Amino acid sequence: MRHIYPYIVNRLHAASQCVCSIPAVVCMALAGIALSSCEREPMLHLHQGGTDINMELPAIDLDLKVYWDYLFKYDVEYDWEAEWIYGWDDTDTRLFGPIGYTEPTFFNVRRYFTGNVAYGQHSAPYKHQIEGNYISAKYDFGYWDILAWNEIQTEDEVQSVRIDESSTYDYVTAYTGQSMVSSRYNAPQFTHAFYQPEELFAGYESGIEINRNLDGFTYDAERNCWVRRLDLQMQPVTYIYLVQIILRNNHQGVRKVTAIDGSANFSGMSRSVTLNSGQTGLDAITVNFNMRMKQDLTDKQGNKVDVIGGKVLTFGLPNLNPGKLSTRNYAESLKKVGETDLNNRHYLDLKMQFYNGMDSTLVFDITDQVRRLFRGGVITIELDMNKVPLPYRSGGSSFDAVVKEWEEKEWEIEM
């Protein structure tokens with residue numbers, strides 16, 4: 001029996017170092033999977049009834065700069081390190097994980113045989129769970145679709161992402177469930193905010209033909225192999241936003257905001273994603289995540305500031321495939337985002353503790369920034385504490401303030 005063995009071409013950019021001196025490992029992977037047979041004779045005819053194929057999944061080893069390669073306008077590229085003041089120290093890594101994505105080591109693979117029909121309807125798949133990126137399986141002659149995603153592993157063995165492949169064999173959907181934190185904005189149909197999803201990568205290739213004549217295969221004389229290259233893209237279907245609130249003039253004799261409760265909400269993001277296509281669901285939800293306050297940091301101009309920061313993972317904007325939107329043809333992608341997200345708003349809310357013992361929840365409209373960074377990036381809010389009044393009612397929150405027009409550095413706080 002002749003066998004077909006794998007070959008992979010890696011076309012990834014080397015990982016870079018972020019400004020906070022830790023690796024920013026992240027993003028998308030483009031790789032060609034080649035199916036090859038190392039038979040001695042160039043002419044190869046497979047036996048009737050199928051063949052064994054060894055397949056290698058591409059490694060995911062990309063940096064944030066590669067994935068956040070927005071070209072805002074001619075010769076103006078996005079530089080997230082220049083915007084990121086909060087940094088990322090060992091405590092942040094311990095509390096929130098690495099600043100970027102981490103490379104998965106376990107994968108789920110679904111192989112769908114569609115017979116003699118390319119792109120045909122799926123029946124029950126062959127299911128595999130593998131460690132590493134190598135799988136060997138039996139393939140009948142005909143057409144195949146292959147779906148792969150990483151197996152999520154958490155330290156506490158509690159997983160937020162739920163995988164649904166029961167409703168139809170044609171699509172696999174990932175979604176996240178509700179937490180016990182109250183939902184404030186942009187999700188009136190849900191009473192609670194949702195857990196943020198874990199890092200999730202997926203790749204899908206359809207209409208893969210394996211025939212008796214090896215059509216589509218080429219002979220590699222150097223390796224004395226017949227080779228066929230397939231484009232299986234393993235890329236993130238969860239998108240990272242790094243959120244920072246810069247408190248200016250917070251320490252003038254007395255530090256006005258002394259602490260935060262650590263729980264923040266990020267609204268208007270999708271509840272789910274289809275792994276086959278990368279298309280996000282229609283439901284807009286509020287995602288709950290954690291933040292931390294650091295005091296006496298230095299901004300890019302050398303000024304002392306307090307900064308509240310954190311990382312939130314989401315499925316992205318509703319009803320889009322953010323990974324397929326071009327970051328180089330930025331104006332066209334931004335137009336599509338605006339049309340799709342037209343009736344959706346994005347808010348960030350966070351409870352702050354003031355020096356007089358009172359606390360208040362501040363709410364920031366970050367819609368323009370989220371749309372501008374449709375594949376993730378740094379969300380920055382600059383808050384002049386001289387314009388934020390002290391809470392004045394004893395016990396509980398004295399006001400929920402919606403802060404507007406922060407991008408122009410002019411603040412309106414509604415009492």
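Which residue forms a salt bridge with Lys294? In this predicted model, the partner of Lys294 is Asp92, and the closest N and O atoms of the two are 2.7 Å apart. Lys294 has a relative accessible area of 9% and is buried. Asp92 is buried too, at 0% relative accessibility.

Before turning to other pairs, the chain as a whole can be described. The chain has 415 residues, and buried residues make up 54% of them. Its secondary structure comes to five helices and 31 strands. Of the contacts between residues at least 6 apart in sequence, 75% join residues at least 24 apart. The accessible surface of the chain comes to about 18600 Å², and carbon and sulfur atoms account for 46% of that surface.

Side chains of opposite charge can pair when their charged atoms come close. The structure holds 15 salt bridges. One of them joins Asp69 and Arg375, with 3.6 Å between the closest N and O atoms. Asp69 is in the loop between helix H1 (64-67) and strand E6 (71-73), whereas Arg375 is in the loop between helix H5 (367-372) and strand E29 (377-384); the two residues are 306 residues apart, and the pair links distant parts of the chain. Asp69 counts as partly exposed because its relative accessibility is 23%, while Arg375 is buried, with a relative accessible area of 5%.

The side chains of Asp341 and Arg371 meet at 3.0 Å, N to O. Arg371 lies in helix H5, and Asp341 in the loop between helix H4 (330-340) and strand E27 (347-354), 30 residues apart. Asp341 counts as buried at 2% relative accessibility, and Arg371 is buried with a relative accessible area of 14%. Elsewhere, salt bridges that share partners join Asp89, Asp92, Arg292 and Lys294 into one network, which includes the pair that opened this text.

The largest nonpolar core has 73 residues, and Phe266 and Met352 touch the most other members. Strand E19 (residues 239-248) supplies the largest share of this core, with eight residues. Leaving aside residues up to four places away in sequence, Phe266 touches a set of residues that includes Tyr241, Val243, Ile285, Phe289, Val312, Tyr347, Ile366 and Ile379. Another core lies apart from the largest one; this core has 13 residues, among them Leu147, Ile152, Leu200 and Val273.

Last come the strands. Strands of a sheet pair through backbone hydrogen bonds, either parallel or antiparallel.

Methods. Residues are numbered from 1 along each chain as its sequence is written. This is a predicted model: local features need pLDDT of at least 70, side-chain atom pairs count only at pLDDT 80 or more; totals for chains, interfaces and linings use all residues. Side-chain values use heavy atoms; hydrogens and water are left out. A salt bridge is a side-chain nitrogen of Lys or Arg within 4 Å of a carboxyl oxygen of Asp or Glu. Helices (H or I, at least four residues) and strands (E, at least two) are DSSP runs, numbered from the N terminus. Buried means under 20% relative accessible area, exposed over 50%, partly exposed in between (1.4 Å probe, protein chains only). A nonpolar core is a set of buried Ala, Val, Leu, Ile, Met, Phe, Trp, Tyr and Cys residues joined through side-chain atoms within 4.5 Å. Contact means heavy atoms within 4.5 Å. Accessible areas come from the Shrake-Rupley method with a 1.4 Å probe; for residues, only the protein chains shown count as cover.
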